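I take the elements up one by one and record what I looked up for each.

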Amino acid sequence: MREKNIKRVFLCCLTALAVNTYAQNFNCVSSTEGNTWKQSKVKLQSSAGQTPLLDISGTEEGTTFKAWGTTFNELCWDALNMLTRDEQDDLLKKMFSPEGELRFNRGRISMNANDYARDWYSCDEVSGDFQLKYFNINRDKLAIIPFVRAAQKYNPGMTFWMSPWSPPSWMKINNDYPVRSDRTNKMSPLSDVVLYEDNTETRDNVFPRQLAVNDYMIQDPRYLQTYANFFCKFIDAYKEQGIPIDMIMYQNEAYSYTPYPGCAWTAEGTVRFNVEYLAPTLKKRHPEVALYLGTFNTNRYDYVDKILSDPRMPQSVQGVGFQWEGGQILPKIRAKYPQYKYMQTESECGGGTFDWKAGEHTFHLINHYLGNGCEEYTFWNNTLCDNGESPWGWKQNALIHVDSKTRTATLTPEYYAVRHYSQFVTPGSRVIAYKPSTEGRTPVLVVETPEKKKVVIAGNFNDEAKKVTVKLRDRYLNIELQPHSFNTFEEK
């Protein structure tokens, strides 16, 4: 009798295990334009509806995902401050609370002004101040730091990383914050001569088509060391404000030759500053802060390879950051340099349309970067008003749109594109498989959470419904995706 009972219990356990492993229910969330976040349930099946787009065996290792982040910009804070305090708090909770909808746990901060600052400033515009006696973050205390503290209210454990758009103007060869002259700045057109000099070589299908021949950061050792010290003083100043910066990058978009705050660097100058000045200074004064190389916004593989192939680089930097055109060479670079950590540093911002197509593009970008091994994903402007126009005259999208006339906020299609990922792909999740959107305009990503639950995230950017199958061990998730939809399937 005792043996029969043991056998019965054993069979019951096997049955329960089989049910748990092969007959799961999945919660489904789907969003289409004007009809967002609709919830339902779906069961795994024993047979495939069609050839699986992905086949998950259960042995995949994958990349462990660490953080969803956003950037703290002055114009974002200005947009939020058009709302009532209760409305602000509701949106901040949605964005930053670990139990919220977007669950951002990482912040990006610009050292000195970026293109979504109110105007140009730096933490030390006193020409020749090599001792940085006049360094201060007084401007940051007006908007950036209040914005960060408002986010910390809902997520006290947030961490932060930082990069500059431009050094202080007196540290640059053109003695000004842009790289090139434009009607939106006061830089003399005569200074444009230093960008290319007599170099007329251009290449199609790459960005930039023509490379700068000069480092805009003055390459004199005294300037380079002062700039490295500048980074450390910025870290110190933010630490005093209760804002921990644990990673830095030397430059935002060194390959955008901008009328707004920017700085062009050559490959040689990039290696020199990072290897000989920034890395050793950081190790001496802030060994707890990691140095990543970026942000790379160029698809010139040979140029990025030239920088990373310097034999001193592995001892100097821990990771590499890509955005915009740089994402195109991410798979090839990562394959050649697997020793580095990789992250996406700025989600592309569109043109002030705030439409569903922009949301689809963001959905595609997340699929691409997470599928290709990025441990972090950073969004650019989280909140903008009206047409999202910068002080330098162009328009961008954001996750939250504020109407300055009615003082009301709207969650944009990009907000829902992000939420379909960030609410489910928690820190510590493993990205184990993906199918890019270039194949049938149907991006698919499969993730295993720290609780060992599978999450399947799929989009359909076609004008007709699309049937999709994902094989999960010996069972099949057979789903029909509505046209132009975002979809998340979470194992119960």
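I count helices as DSSP runs of H or I of at least four residues and strands as runs of E of at least two, numbered from the N terminus. The model is predicted.

**Entry 1: S316**

I first located S316, which sits in the loop between α8 and β10 (319–323). Is S316 buried or exposed? I recorded a relative accessibility of 7%, and since buried means under 20%, S316 counts as buried. Setting aside neighbours within four places in sequence, I found S316 in contact with V275, A279, K283 and L291. K283 is 33 residues from S316 along the chain, and I noted 9.1 Å between their C-alpha atoms. I also noted that a polar atom of the S316 side chain lies 3.0 Å from the backbone oxygen of R312.

**Entry 2: α7 with α8**

Two packed helices are described by the angle between their axes and the distance between the axes. For helix α7 (residues 267–285) and helix α8 (residues 301–308), I recorded an angle of about 30° and axes 9 Å apart. Angles under 35 degrees count as roughly parallel, and α7 and α8 are therefore roughly parallel to each other. The crossing of α7 past α8 is right-handed. I listed the residues that meet: A267, E268, T270 and V271 from α7, and Y303, K306 and I307 from α8. By class, this contact of α7 with α8 has four nonpolar residues, one polar and two charged.

**Entry 3: α6 with α7**

I then turned to helix α6 (residues 221–240), whose axis comes within 9 Å of that of α7 and crosses at roughly 40°. How are α6 and α7 placed relative to each other? At this angle they are oblique to each other. I noted that α6 passes α7 in a right-handed crossing. On the α6 side, the contact residues include L224, Y227, A228, F231, C232 and I235; on the α7 side, F273, Y277, L278 and L282 are among them. I sorted the residues of the contact of α6 with α7 into eleven nonpolar, three polar and four charged.

**Entry 4: T63**

I placed T63 in strand β4 (residues 63–64). T63 is buried, with 15% relative accessible area. Which side chain makes a polar contact with the side chain of T63? I found that of R334, at 3.3 Å. Beyond neighbours within four places in sequence, T63 is in contact with R334, G373, E375, S429, R430 and V431.

**Entry 5: α11**

I checked burial along helix α11 (residues 413–422) and found the helix mostly covered, with ten of its ten residues buried. The buried residues include Y415, Y416 and Y421, and also the charged E414 and R419.

**Entry 6: Backbone geometry**

I looked up two cis peptide bonds. One runs from F207 to P208, with omega near -5°; P208 is in the loop between α5 (193–196) and α6. Another joins G294 and T295, with omega about 10°, and T295 lies in strand β9 (residues 290–296).

W37 has phi near 55° and belongs to strand β2 (residues 35–43). At 13% relative accessibility, W37 counts as buried. D386 also has a positive phi, of about 55°, and I placed D386 in the loop between β13 (383–385) and β14 (400–403). With a relative accessibility of 32%, D386 counts as partly exposed.

Technical notes:
Residues numbered from 1 in each chain as written. Predicted model: local features only at pLDDT ≥ 70, side-chain atom pairs only at ≥ 80, totals over all residues. Heavy atoms only, no water. Axes fitted to C-alpha atoms, helices over the stretch in contact; angles between N-to-C directions. Parallel < 35°, antiparallel > 145°, perpendicular 65-115°, else oblique. Left-handed = near helix turned anticlockwise from the far one by under 90°. Contact = heavy atoms within 4.5 Å. Buried < 20%, exposed > 50% of the residue type's maximum accessible area, 1.4 Å probe, protein only. Polar contact = N/O pair within 3.5 Å; in protein donor to acceptor, adjacent residues only side chain to side chain.
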